[in-house]
Amino acid sequence: MPHSDIYWSREEVMPEKELEELQMKRVRWVIRHAYENVPFYRRKLKEAGIHPDDVKTREDVAKIPFTTKEDLRENYPFGLFAVPKEKVVRIHTSSGTSGKPKVVGYTAKDLENWIDMVARCLYMVGLREKDVFQNMVSYTFFTGGLGLHYGAERIGAMVVPAGTGNTEKQIRYMLDFGTTAIHCTPSYAMHIKEVAEDMGIEPSEIGLRIGCFGAEPWSENTRKRLENAFGLKAFDSYGLSEMNGPGVAFECQEQDGLHIWVDHYFVELIDPETGEVVGEGEKGELVLTPLTKEALPLLRYRTGDLTMLMTDKCACGRTHPRIHRVFGRTDDMIVVRGINVFPSQIEHVLMRIPEAGDHFQVIITRKGTLDEMTVKVEVVDEVFTGELSDLEALRRKIQSELKKELNLRTNVELVEKGTLERFKGKARRVLDLRGEL
Ligand code: DLL
């Protein structure tokens, strides 16, 4: 049962002081839980000279050593679990770029909390019983499938467990079932738009009103493109397997930052170089401690994601702070000739140029000692006027816009629509060939 017409749970609008007390109570619980049940944490805290009783205030949390992705991999598969295996009712995995996957586990209570958090997010963006929710992400090890599925079901929406692939069929289902809300990666949403157009269907006529997009960085200009094409309202959804999965932070109707649920996560932002907590309003790496997870209580987990904390009051009335849309991951950052570039910056520039299509690829090479960045951009059909000079003018325009944003000279190559790879899940847009040449 929802708490009200607007809020799914009472905790969303809990007075800040009460919320803070609840959070600190849970912080103390999770530290003790990890210390008592995970040998790795007992050892780590002892080495750092910390006993769970020492953590009394928010500031005390910063004394605890970080947990990293490597810690999860080194303790593969179940080494960081805090409950016996028979209490774990589900696992998911997340494969990084290399090596063993990270395995995450859930008790029955963890699943309940997670479902409730996802329901909270979906209710916040306006999903209701009357909606038909088509979930177009993988349903296997990826947390986006089952995570969103059960959250939408909890609200009472009709869930279409479509999974990934076969885009034409996905569009047919939307029309046949009267789908009103969709969930997928933003790059797949771009692909759906294109396939619908190829099928002679106006995306805006499908009847969608809500789009939940996440699992990868995207930009404000991509949001505009998706909203204009489908006639829906597009919301950013952030999460990671190590923190249950999706449902950690989500945009509300204001679309101005993602509410991060501090009754379930302790939030810190650190300087990725020094590990020091950054000042208010500064950009930093998100560090999260789940506060209610029984199976996998990770303390001060370094997400690798760069964002900013927004603590001003939100017009929606929720008392939980917001994070800025994630700029990218520390390990996605490309350093070209000493300049830091995030693929999402390139996307932001391209998506505001009307002649640029919806897909691009970045290729980094090295000539001698010099790095070269080439951006391949698909262009819309209307660009091909038969005049080479028109194409050249567009190429130069894109190059100059990129230069302004990135402060970096790039090579721009224009390619025809349909040339570059399409992705059903997370897009892989950067090809770094520097190590291979
Ligand atoms: O991607 C969980 C998820 C599923 C989130 C569905 C949203 C929707 P992982 O596969 O473990 O889990 O990948 C987590 O993806 O650390 C970020 O780097 C990135 N990421 C997730 N959401 C966003 C977002 C899921 N909205 C990793 N914006 C995270 C930018 C995101 N990056």
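Start by selecting residues 343-350, which make up helix 9. In this predicted model, helix 9 lies across strand 17, strand 18 and strand 20. Compare its direction with strand 17 and you'll get an angle of about 135 degrees.

Now hide the helix for a moment and look at the sheet. Four strands form an open sheet in the order 19-18-17-20, and the pairing is mixed. Pick residues 411-416 for strand 19 and 430-432 for strand 20: these are the edge strands, each pairing on one side only. On average, neighbouring strands here are turned by 20 degrees against each other, direction ignored.

Next, select 356-367 and 370-379. Those are strand 17 and strand 18, an antiparallel pair held over nine bridges.

Bring in another helix: residues 388-406, helix 10. Helix 10 lies across strand 18 and strand 19, and it runs at about 130 degrees to strand 19.

Time to visit the ligand. Which residues come closest to it? Select Asp236, Ser237, Ser241, Asp305 and Lys426; they are the closest of the 21 residues that surround the ligand. Sorted by class, this shell has seven nonpolar, eight polar and six charged residues. Colour strand 7 (233-240) and helix 5 (143-155) too, as each supplies at least two residues of the shell. Strand 7 gives the most, with five residues.

- Aspartate 305: 2.6 Å from a ligand oxygen.
- Arginine 329: 2.8 Å from a ligand oxygen.
- Serine 94: 3.3 Å from a ligand oxygen.

Most peptide bonds are trans, and most residues other than glycine have a negative phi. Keep that in mind for what follows.

First, select tyrosine 76 and proline 77. The bond joining them is a cis peptide bond, with omega at about -5 degrees. You'll find proline 77 in the loop between helix 3 (69-74) and strand 1 (90-94).

Then jump to asparagine 166. Its phi is near 50 degrees, a positive value in a residue other than glycine. Asparagine 166 sits in the loop between strand 4 (158-160) and helix 6 (167-177).

Conventions. Residues are numbered from 1 along each chain as its sequence is written. This is a predicted model: local features need pLDDT of at least 70, side-chain atom pairs count only at pLDDT 80 or more; totals for chains, interfaces and linings use all residues. Side-chain values use heavy atoms; hydrogens and water are left out. A residue is near a molecule or strand if one of its heavy atoms lies within 4 Å of it. A polar contact is a pair of N or O atoms within 3.5 Å; within protein, one must be able to donate a hydrogen and the other to accept it, and residues adjacent in sequence count only if both atoms are side-chain atoms. Ala, Val, Leu, Ile, Met, Phe, Trp, Tyr, Cys and Pro count as nonpolar, Asp, Glu, Lys and Arg as charged, and the others, Gly among them, as polar. Two strands pair if DSSP finds at least two bridges between them. Axes are lines fitted to C-alpha atoms, for helices over the stretch in contact, and angles run from 0 to 180 degrees between N-to-C directions. Contact means heavy atoms within 4.5 Å.
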